[in-house]
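Hi,

Here is the structure I said I would pass on. Have a look at it first, and then read my notes below.

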Amino acid sequence: MTDRSGAPVVVGVDGSPSALHAARVAAREAAARHRPLRVVHAFGWPLIGTPFGPMAAALPYEELRREADRVVAEAVDEARKVDADLAVTGVVVDGAATPVLLRESGDAALLVLGHRGLGGFAELLVGSVSVQLSARAHCPVLVVRGEPRADGPVVVGVDGSALSEEAIGFAFAEAAQRGTALVVVHAWLYPALPTGREVSGPGDVLPLSYDPAELRAEEERVLAESVAGWSERYPDVPVQRLLMAGTPARALVEASADAQLTVVGAHGRGSFTGLLLGSVSHAVLHHARSPLAIVRHHRSRNT
């Protein structure tokens, strides 16, 4: 876990309803963490504008720049409605969404994004931009979808990898901050058939070439070791360990039904391999019923 003392919560906005919702959520997150909020709009006109002369170029640029300023001002106002005492700043940054947000994440405690957007943030978490941000951002990324719950547990998916350790540390801290319980989910599958078809139980593989009891015991060990040490650091956080047979996407979507936050690592191994780099990410992002925090390993940096 990275403390990053004094680092702001950063929210990317584009004027869409989703982005304004993200700004409100980001304001609550910043206030709860006692951190400032930085509202950022990526302004791509310098990259795509094709001037046909001084006057022709000046008018659209100035109009679009004023619109960009308005987008930021509107989001700042929304954030201040959440907490009038919150320190909020807004900025328009020239460039495309991905490099702008990646740079911003270098000095941020948390990067907050709406699930969908407009302009430079169009389908931000449905295509390649989401992969780049989740894989390369230097801080945790919070994807806002739906109205966050005020109750319910924090849910975290684990697989025993080093990055899973980062995710569970973040999840424990979030549960402690929110005063709620933590549900630790580990999904696993029986050995696959030669056809690649998903296996629902030990009887699907004939002849049985492994001991189902030993296999389950090994998965329970992975789950127990993922929690070991963290409960001592956060003794006031109630912990439920949930071992589920099936795919990680299905397990997390089911577990997120009553959660106020779901936490995953950006990469993993075993059943969580490629969690946010392929079809599993698409399923979780589109079907999870709570905000989704994506955590990757990052260098400690105090600001």
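A cut-off to start with: a residue is buried under 20% relative accessible area, exposed over 50%, and partly exposed in between. Arg149 has 32% relative accessibility, so it counts as partly exposed. Keep in mind throughout that this is a predicted model.

Arg149 sits in the loop that links E5 to strand E6 (154-157). Its side chain makes a polar contact of 3.1 Å with the side chain of Asp151, and a polar atom of the Arg149 side chain lies 3.4 Å from the backbone oxygen of Asp258. Leaving aside residues up to four places away in sequence, Arg149 touches Ala257, Asp258, Ala259 and Gln260. Ser290 is 141 residues from Arg149 in sequence, yet the two C-alpha atoms are 7.6 Å apart in space.

Now the confidence. The protein chain has a mean pLDDT of 78, with 70% of its residues at 70 or more. Strand E3 (residues 88-94) comes out highest, at 96, and helix H2 (residues 45-48) lowest, at a mean of 55. Two stretches stay under 50. For residues 48-53 the model has one contact beyond four places in sequence, while for residues 299-303 it has 16 such contacts. Where pLDDT is low, the predicted coordinates should not be read in detail.

On to the sheet. It is open, has 10 strands with mixed pairing, and runs in the order E3-E2-E1-E4-E5-E10-E9-E6-E7-E8. E3 and strand E8 (239-245) are at the edges with a single partner strand each, so one side of each has no neighbour in the sheet. Neighbouring strands are turned against each other by 25 degrees on average, direction ignored. Strands E9 (residues 261-265) and E10 (residues 292-295) run parallel and are joined by four bridges; Gly265 stands opposite Val295 in E10. Helix H1 (residues 17-33) packs on the sheet, where it touches strands E1 (9-12), E2 (37-43), E4 (110-114) and E5 (141-144), and its direction makes about 180 degrees with that of E1.

What about the nonpolar cores? The largest has 50 residues, and those with the most contacts inside it are Leu37, Val39, Val112, Val156, Leu182 and Val263. H1 gives the most to this core, with eight residues. Leu182 touches, among others, Val154, Val156, Phe172 and Val239, not counting residues up to four places away in sequence. There is also a second, separate core of 29 residues, which includes Leu113, Val185, Val264 and Ile294.

In H9 (residues 248-255), six of the eight residues are buried, namely Pro248, Ala249, Ala251, Leu252, Val253 and Ala255. At the start of H9, a side-chain oxygen of Thr247 comes to within 3.3 Å of the backbone nitrogen of Arg250.

The other is helix H3 (residues 54-82), which holds Glu78. Is Glu78 buried or exposed? With a relative accessible area of 16%, Glu78 is buried. Beyond residues up to four places away in sequence, Glu78 touches Leu20 and Arg24.

Cheers

Methods
Residues are numbered from 1 along each chain as its sequence is written. This is a predicted model: local features need pLDDT of at least 70, side-chain atom pairs count only at pLDDT 80 or more; totals for chains, interfaces and linings use all residues. Side-chain values use heavy atoms; hydrogens and water are left out. Buried means under 20% relative accessible area, exposed over 50%, partly exposed in between (1.4 Å probe, protein chains only). Helices (H or I, at least four residues) and strands (E, at least two) are DSSP runs, numbered from the N terminus. A polar contact is a pair of N or O atoms within 3.5 Å; within protein, one must be able to donate a hydrogen and the other to accept it, and residues adjacent in sequence count only if both atoms are side-chain atoms. pLDDT is the predictor's confidence in each residue, from 0 to 100. Contact means heavy atoms within 4.5 Å. Two strands pair if DSSP finds at least two bridges between them. Axes are lines fitted to C-alpha atoms, for helices over the stretch in contact, and angles run from 0 to 180 degrees between N-to-C directions. A nonpolar core is a set of buried Ala, Val, Leu, Ile, Met, Phe, Trp, Tyr and Cys residues joined through side-chain atoms within 4.5 Å.
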